Amino acid sequence: MMSNHHGKEFIGFMATGPPIGVPERVWMWVAAPKIRVDSEGRPWQAPYGLRKIEAKLQEAGFKAAIIDPDHLHKHLDTMKVLLIGHHDFFALGPPSSEWWMITGKEPVNRRSFRRLMESPAVRKAREKGVRIIVGGPAAWQWLWELEYWKKWGVDTVIDGEAERVIVDVVDKALKGEPLPDYIYVGPGESPSIEEIPVIRGASVNGLVEIMRGCPRGCKFCSVTLRPLRFIPLEKIKAEIEVNKRHGVRDVIYHSEDVLLYGADGVKPRPEPLLKLHELWYRATDGTLAWSHASLAAVKYAEENYKLISRIMGDYVLRRERFLGVEVGIETLSVNLARKVMPAKAAPYPAEKWPEIVEDAFAIMHDNWIIPAGTIILGLPGETPDDVMKTAEGLDRLRPYRSLIVPMFFVPMGVFKNRDWFQRKLLKPEHLEVMLKTLEHSLYWAEEMISKLYLRGVEYIPLKLGLKAVIAYIKWKTRRLMPKIKARLEAAMRA
């Protein structure tokens, strides 16, 4: 994760899978090249969550700094507490778990993390009595890996937003006081706006948080359990300025749904959104991306206020040829949508979900927004008919410029006590969805890489590398397709 993925967030998703068709070293050069560091090992850019914790500790007077894992050995004489954050420690989250189950190969993010925890630097730190505290979005995974928790000498796992608790925990660690094994920060303990600090160093690719929480209440998502908070424009501007001072001009607005910034419930409002984008346009001369947006908000914003075309025409397209964003499709079955994500379509009725998805994709296509859409296979309550409805709906999305990624259900949110969806549970209809998403994404990926993505002479080697990976996947798919189709036909007959 200590990488800016060549300045392209989408490429970072490759680091959640195993190397395909090339040695791991080549795969990692394409997906997560090493980032520039200073003589102490402090990275030029660092993951945003770590920047928040760093700022909170520095604000409290601690001598804290983010250090690239490859440079930890430089601080063994002075290190007292080692804090480790990660988006996917053990590759149990989506889409890592899906890559793993399909290929049978361990994803590189899990391999990399194990190498870190078993490195001479971390081993010597433990021997010297350094306290180890871990957290971040993937903190829940330690509950599934108790053996490593003990083996690697982790003192405390903090699960949830940590700004309110981290200073007290580190203070106790420095004083040698006992620490709890596990700290769960529930919704009622989430930090207020005032408790969330402004970052003090550059974040990866200029990511800046604009809100926390989500009001949609999807049962498979843990973010919906947290209260909704809007970050004030002055704090957003301050973080853009911090990134600029460190040489990062581009911005990624981060939230679970950028279009709900300052919204009236689930209805986007023009004034806060236009101010948000004008702020970016005036604060920096770099490009813009959104981390996530909901498809219902895309449709509502454009149909009621022409907001998508206004934002893109007045701001984004003046500087960049497109804008990237991650969106959640999850299912194209009305029946399943009603069961597991009834507010995903709001303010429209859940019965309109497939229509909402197609309309939003058409709006984004017309306005040069490129979505990376996710599909979840194996959701609780899913039936074969639900999966086939998704497969049929994917055909209607083929004309729209996008990537679509299938993921296996991982027990999180309200569903955290449910069973995982595993490879052995794959049915013919699941395979059909996976093949359709693969064909869709390969078709559009080639065009995007050739015409939109990675422009400039410096990107030629990376462009060739990505094209080689795509060519290998297409070749492999063609070889396997007859066997897959034969199995599908046999299963259908059975």
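**Notes on helices, a serine and a cavity**

1. Helix α10 is mostly covered, since eight of its 11 residues are buried. The structure is a predicted model, and every point in this note should be read with that in mind.

2. After α10 comes Lys306, a residue with a positive phi, near 55 degrees.

3. Helix α11 spans residues 307-314, and its buried residues are Leu307, Ile308, Ile311 and Met312. Seen down the axis of α11, these buried residues fall within an arc of 120 degrees, and they therefore line one face of the helix.

4. Which elements do the buried residues of α11 pack against? They pack against the helices α9 (270-283), α10 (295-305) and α13 (353-366), and also against the strands β9 (288-290), β10 (323-330) and β11 (369-377).

5. Elsewhere in the chain, Ser190 is found in the loop between β4 (182-184) and β5 (207-209). Is this serine, Ser190, buried or exposed? With a relative accessible area of 9%, Ser190 falls under the 20% cut-off and therefore counts as buried.

6. The surroundings of Ser190 can be described in two parts. A polar atom of the Ser190 side chain lies 3.2 Å from the backbone oxygen of Pro187. Leaving aside residues up to four places away in sequence, Ser190 touches Glu161, Arg164, Val185, Glu195, Pro227 and Arg229.

7. How many cavities of 30 Å³ or more does a search of the whole structure find? The search finds three, and the largest cavity has a volume of about 40 Å³. Its lining consists of Glu330, Thr331, Leu336, Ile375, Ile376, Leu377, Glu382, Asp386, Val387 and Thr390. The elements that give two or more residues to this lining are β11 and α14 (384-397).

8. Sorted by class, the lining of the largest cavity has five nonpolar, two polar and three charged residues. The strand β11, which contributes to that lining, is also among the elements against which the buried residues of α11 pack.

Note on methods: Residues are numbered from 1 along each chain as its sequence is written. This is a predicted model: local features need pLDDT of at least 70, side-chain atom pairs count only at pLDDT 80 or more; totals for chains, interfaces and linings use all residues. Side-chain values use heavy atoms; hydrogens and water are left out. Helices (H or I, at least four residues) and strands (E, at least two) are DSSP runs, numbered from the N terminus. Buried means under 20% relative accessible area, exposed over 50%, partly exposed in between (1.4 Å probe, protein chains only). A polar contact is a pair of N or O atoms within 3.5 Å; within protein, one must be able to donate a hydrogen and the other to accept it, and residues adjacent in sequence count only if both atoms are side-chain atoms. Contact means heavy atoms within 4.5 Å. The arc is that of the directions from the helix axis to the C-beta atoms. On a 1 Å grid over the protein atoms alone, a cavity is a set of points where a 1.4 Å probe fits but cannot get out, and a pocket is an open set with protein on both sides within 12 Å along at least five of seven lines; lining residues have an atom within 4 Å of a point. Grid points are joined across faces, edges and corners, and a volume is the space filled by probe spheres set on the points. Ala, Val, Leu, Ile, Met, Phe, Trp, Tyr, Cys and Pro count as nonpolar, Asp, Glu, Lys and Arg as charged, and the others, Gly among them, as polar.
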